[in-house]
Amino acid sequence: MSSPATRVDERAVWAALAEVTDPEIPVVSVVDLGMVRSVEVDGERLRVELLPTFVGCPALELIRGAVAARLAGMAPEVQVEMTFAEPWTSERITADGRRKLREVGFAPPEKGSEPAFGRRPGDSARQLRRAACPWCGSRDTALENPFGPTRCRAIFWCNRCRQPFEQFKAI
Amino acid sequence: MTTQAAERLDERARQALADLLLAMADDEFVLGFWDSEWTGIAPVLEEDVAFASLAQDEIGHAQALYGLLADLQGGDPDRIAFGRRPEQYRHARLLDHPRTDWAFSVARRFLYDTADATRLDALVASAYQPLAGLVAKMRREETYHLLHMHAWMERLANGGDEPRSRLLEALQRLWPDAGCVLAGIDDAPLVAAGVLAEPLADLQRRWRDGLAPVFQRLALPSPTAAPPAGGCRGPERSDDFLWLWEQFTMVYRSDPEASW
């Protein structure tokens, strides 16, 4: 079993992970989204930890299964786990991921624009910062609804295009 | 990891932790089902979308918390969620009320979200690491809920006679039960073990102190109700909850052994 041929190539694992896309926004991969927390190779065992983007995201099991299926055969033993050991935040989305989101009409979350966390009952939704329109680039936009068609999306309105657009939520 | 973290707790603290996980999970689960009642009939389309999202978040949080409980005590998370009799649920009495009208749902959510935020703050540095990790993630999502509910509280409080009077009426009915979110758990062993940062009575005070300026600014009567007495987390339940239980367990009860 432990012939040199079974040695796992970590770079090949990352390349394979970059092919597993988000089932809800298929232009971005789990790597683009920063969902991969760790890739560990221990002898014949390959272990990958993923960070859920949202606790209640219905696509999580689908994503875990797709990653496991893509990595199957790359090592004699492949383990893919979701973990809450650290929170996924939208800061983890890569520059490539942000570009790809913009290209298909999603405003990427702007760094540092997450709402303040914790006990702040005096805050209001108006404090969420504005997003740049992914079509015309205008910053003359307004938040329509902090909740969109999936867990990770908010709905904005562009005053210049006079049409709505979606933002990948800052969280 | 879960096992290691649990091994450091004595028997009483472990039981209290199990009670806390079940109470939190049931709170989120039951609230999620009440929220989902608005799907299709909310006052505006945006709120159909928002409440469906809120419901999905809460039920997702419940699923993760039932998972932690199953890791701690064994058992199947789905069976814990759906396989109990109504009197075995441990959600706070605040969540026994039906959805009622929009002002009532907004007021209940605002009271719940602010109390829950206080509870999550006291758990984010928990010595029980599996819970601390999940809470750090939940808190980010709950912040969106808080912001949204606060915006609606402002809108209703400043929205003229009818919205304001409905909001006042809802708050009056809900106040006696609101503090139950931060009650009904054997907290002393949890504080001693570093699982919970402060006793629940202190969290109650912190929560009420935090709400006072918000209510003052919206010219709403300040929270007066004393911390609730017993019966905060069952076993007596309202007919409304019994109805909801019938609804959300209907599919599970039709074939408990089915695989999904």
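**Figure 1. Where chain B meets chain A.** In this predicted model, 34 residues of chain B are in contact with 25 residues of chain A. On the chain B side, the elements that contribute two or more residues are α3 (45-73), α5, α6 (129-157) and α9. Helix α6(B) gives the most to the side of chain B that touches chain A, namely 16 residues. Sorted by class, the chain B residues on this side comprise 15 nonpolar, eleven polar and eight charged ones.

**Figure 2. The largest nonpolar core and its leucines.** The largest nonpolar core of the model contains 118 residues, and B:Leu17 and B:Leu21 are those with the most contacts inside it. Helix α2 (residues 11-36) of chain B gives the most to this core, with 14 residues. Chain A takes part as well: the core draws at least three residues from each of its domain 1 (4-82) and domain 2 (99-116 + 128-168). For a closer look, follow B:Leu21 to its partners: setting aside residues up to four places away in sequence, B:Leu21 touches B:Leu65, B:Leu68, B:Leu69 and B:Leu72.

Figure 3. Let us step back to take in chain A. Its secondary structure consists of three helices and seven strands, arranged along the sequence in the pattern α-β-β-α-β-α-β-β-β-β. Of the 171 residues in chain A, 38% are buried. When contacts in chain A between residues at least 6 apart in sequence are considered, 54% of them join residues at least 24 apart. The chain is divided into domain 1 (4-82) and domain 2 (99-116 + 128-168), and the C-alpha centres of these domains of chain A lie 28 Å apart. Where they meet, eight residues of domain 1 of chain A are in contact with six residues of domain 2 of chain A. The domain 1 side of that contact has four nonpolar, two polar and two charged residues.

**Figure 4. A right-handed β-α-β crossover in chain A.** Strand β2 (residues 45-50) and strand β3 (residues 77-82) of chain A pair in the parallel sense, over six bridges. Between these strands the chain passes through helix α2 (residues 60-71) of chain A, and the β-α-β crossover from β2(A) to β3(A) is right-handed. To find your bearings in the pair, look for A:Leu50, which stands opposite A:Met82 in β3(A).

Figure 5. A:Ile63 is found in helix α2 of chain A. Is A:Ile63 buried or exposed? With 23 other C-beta atoms within 10 Å, A:Ile63 is buried, because the cut-off for that label is 20 or more. Leaving aside neighbours within four places in sequence, A:Ile63 is in contact with A:Pro23 and A:Val30. The view also takes in A:Met82: its C-alpha atom and that of A:Ile63 are separated by 9.7 Å, with the two residues 19 apart along the chain.

**Figure 6. The four-stranded open sheet of chain A.** This open sheet has the strand order β4-β7-β6-β5 (chain A), with mixed pairing. At its edges are β4 (106-107) and β5 (141-145) of chain A, each of which pairs on one side only. Strand β5(A) and strand β6 (residues 153-158) of chain A pair in the antiparallel sense over four bridges. Within this pairing, A:Ala142 has A:Trp157 in β6(A) as its bridge partner. A general point for reading such a view: in a regular strand the side chains alternate between the two faces of the sheet.

**Figure 7. Backbone details in the loops of chain B.** As background, most residues other than glycine have a negative phi, and most peptide bonds are trans.

- B:Thr100 has a positive phi, near 60°. This residue lies in the loop between α4 (77-82) and α5 (102-121) of chain B. B:Thr100 is partly exposed, with 17 other C-beta atoms within 10 Å.
- B:Ala219 also has a positive phi, near 55°, and lies in the loop between α9 and α10 of chain B. B:Ala219 is exposed, with 9 other C-beta atoms within 10 Å.
- The peptide bond from B:Gly234 to B:Pro235 is cis, and its omega is near 5°. B:Pro235 is found in the loop between α9 (200-217) and α10 (239-254) of chain B.

Key: Residues numbered from 1 in each chain as written. Chains lettered and ligands numbered in written order. Predicted model: local features only at pLDDT ≥ 70, side-chain atom pairs only at ≥ 80, totals over all residues. Core = buried A, V, L, I, M, F, W, Y, C linked by C-beta atoms within 7 Å. Buried ≥ 20, exposed ≤ 12 C-beta atoms within 10 Å, placed from the backbone. Domains from an automatic or database assignment. Contact = placed C-beta atoms within 7 Å. Pairing = 2+ DSSP bridges. Right-handed = clockwise from strand over helix to strand, strands pointing away. Nonpolar A, V, L, I, M, F, W, Y, C, P; charged D, E, K, R; others polar.
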